[in-house]
Structure formats: structure tokens, C-alpha cells
Amino acid sequence: GSGVLLGGVPGVAPAEVLVIGGGISGINAAQMAVGMGANVTILDRSVDQLRHIENVFGASVSKVFSTEEAVRQYVEKSDLVIGAVLVPGHSAPKVVTREMLRQMRPGSVLVDIAIDQGGCFETSRPTSHQDPTYVEEGVVHYCVTNMPGACPRTSCLALGNVTLPYTIALAEKGTVEALKSDSNLLQGLNTAFGQVTCEPVADSLGLPYQNAEMLLHHSLKPKLHGEQPLMQQRA
């Protein structure tokens, strides 16, 4: 790193931390940085989400509407930038360019939480827990895929807690009835009967999109011979 302590010490200013994306991951990252005493700024393109962040943090973080110029301005003066940009079903947009990195202090750090969706920094490339970082344009990159795997017990239990009700519903009702009776579960459906049922995924892959509700409506009688794999779901 650049030798900056996140929380600073009496007489020395704390680090500047920028979180790009104010969703669940971004808010949790901001909470950690605030707890360590850093100066934290969150950028987001949703005014409603910025209002929610205001309710969560009050005046302890700066909330800024995200534009290309705002990203450039805040990236250049940050010691730590956390990319938490998510567009469901799509590859993450590249919001931080190589040119912006060249203006950062050498040794500054980028953490790309969006790396599982392709990363939101132009210079991001996937790394592993065994070899987590690399340096590009003098900036340290942490782009580990499956970051929750660093704490496997906690992440596994947390995932199990939220997915268990869906698992029970699938076991008790069967796949089709469980999906038809729960709109949240239905929204997680990616493919069914050989068709792509998630529109952003279909757009990203250049494949035809099939409405899931309509497809399930016509699938009450399963095929007896040569049946295609029923469906796959997002975790």
C-alpha cells in the first residue's frame, strides 16, 4: 500500500476511502471503513439509494451522485477504492479507467468486488486467494473471485440461512409449483426446458429470451421420453 493507516492517528489525517456502488456489498464495505475511522465517500446512480444510505450512515459518510466526472474526481484522491457495481444479469460496467489510475498516489489500493461479473475497473483481472494481488500503473489490485470464500464457514452458513426456505419449497412442492408460488424464487430462474428465462442473461449472450411465467404455464405435463434438463437457478 501507500503506507496510510485507514483511521489515521491524532495529528495525522485518516485515509480517503471511495466506495463505488451503494448496494448491499457497498454498504457493508462502507460500514467496515467507517468503523476503522476512514473518511468514506459512496457513489451511486440512484437518488433513492443515496437517501437510504443517508438514513443508514447519517453524516458519517459522504453521499455523491455517480457520474463519470465524479468517479474521476474521487478516484484520483482516494487511498482505497472499492468497486461494488452490479447490474443483475449483465457484465459489470468498467467505471474506473486506466487513465484514472495514473492519477492516483502510487501504492493506493483497488478492491474489485464486482470481479465475478467481469470487474468494474478497466485494469481488473481475476486473482485467487493463493495469489490475491498484483500491481498495475503503480496501484495495488485485489480482484479475488469468490471473496466470501476467505471466510468459508461464515459465508456458507449465511448462504444456507437464506437459501434453505427455497430448498424446502423445491423439495415439498416440486420445481414448477415452487417457482409458480414464489415470485422471488422465480426471479432467480436463469434457464428452463432449454430456454433462457432471464432477460439480461439472454441479452448478454445474444440468445432468445423466454418469459418464465409463460414457459412454466405450458410445462405442467413433463415429458416422458427424451426430457431436457429441467432448469438451473442462480445461487
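## Exercises on packing and salt bridges

**Exercise 1.** Determine which residues of helix α3 (residues 68-76) are buried, and identify the elements against which they pack.

*Solution.* Step one is to list the buried residues of helix α3, which are Ala70, Val71, Arg72, Tyr74 and Val75; buried denotes under 20% relative accessible area, exposed over 50%, and partly exposed the range in between, with a 1.4 Å probe and protein chains only. Helices (H or I, at least four residues) and strands (E, at least two) are DSSP runs, numbered from the N terminus. The model is predicted, so that local features need pLDDT of at least 70 and side-chain atom pairs count only at pLDDT 80 or more, while totals for chains, interfaces and linings use all residues. Residues are numbered from 1 along each chain as its sequence is written, and side-chain values use heavy atoms, with hydrogens and water left out.

Step two follows the contacts (heavy atoms within 4.5 Å): the buried residues of α3 pack against the strands β1 (16-20), β2 (39-44), β3 (62-65) and β4 (80-83), and also against helix α4 (98-101).

**Exercise 2.** Describe the largest nonpolar core and state which element gives it the largest share.

*Solution.* A nonpolar core is a set of buried Ala, Val, Leu, Ile, Met, Phe, Trp, Tyr and Cys residues joined through side-chain atoms within 4.5 Å. The largest such core has 20 residues, and Ile20, Val75, Val81 and Val96 have the most contacts inside it. Two or more residues are given to this core by each of β1, α3 and α4, and the largest share, 4 residues, comes from α3. Apart from this core lies another of 16 residues, including Val17, Val61, Leu80 and Ile82. Returning to Ile20, and leaving aside its neighbours within four places in sequence, one finds Ile20 in contact with residues among them Leu43, Val71, Val75, Val81 and Val96.

**Exercise 3.** Work out where Glu136 and Arg98 lie in the chain, and to which network of salt bridges they belong.

*Solution.* The side chains of Glu136 and Arg98 form a salt bridge of 3.0 Å, N to O; Glu136 lies in strand β6 (residues 133-136) and Arg98 in helix α4, 38 residues apart, so the pair links distant parts of the chain. Glu136 counts as buried because its relative accessibility is 18%, whereas Arg98, with a relative accessible area of 24%, is partly exposed. Both residues belong to a network of salt bridges that also links Arg102, Arg125 and Glu137.

Note on methods
Salt bridge = Lys/Arg side-chain N within 4 Å of Asp/Glu carboxyl O.
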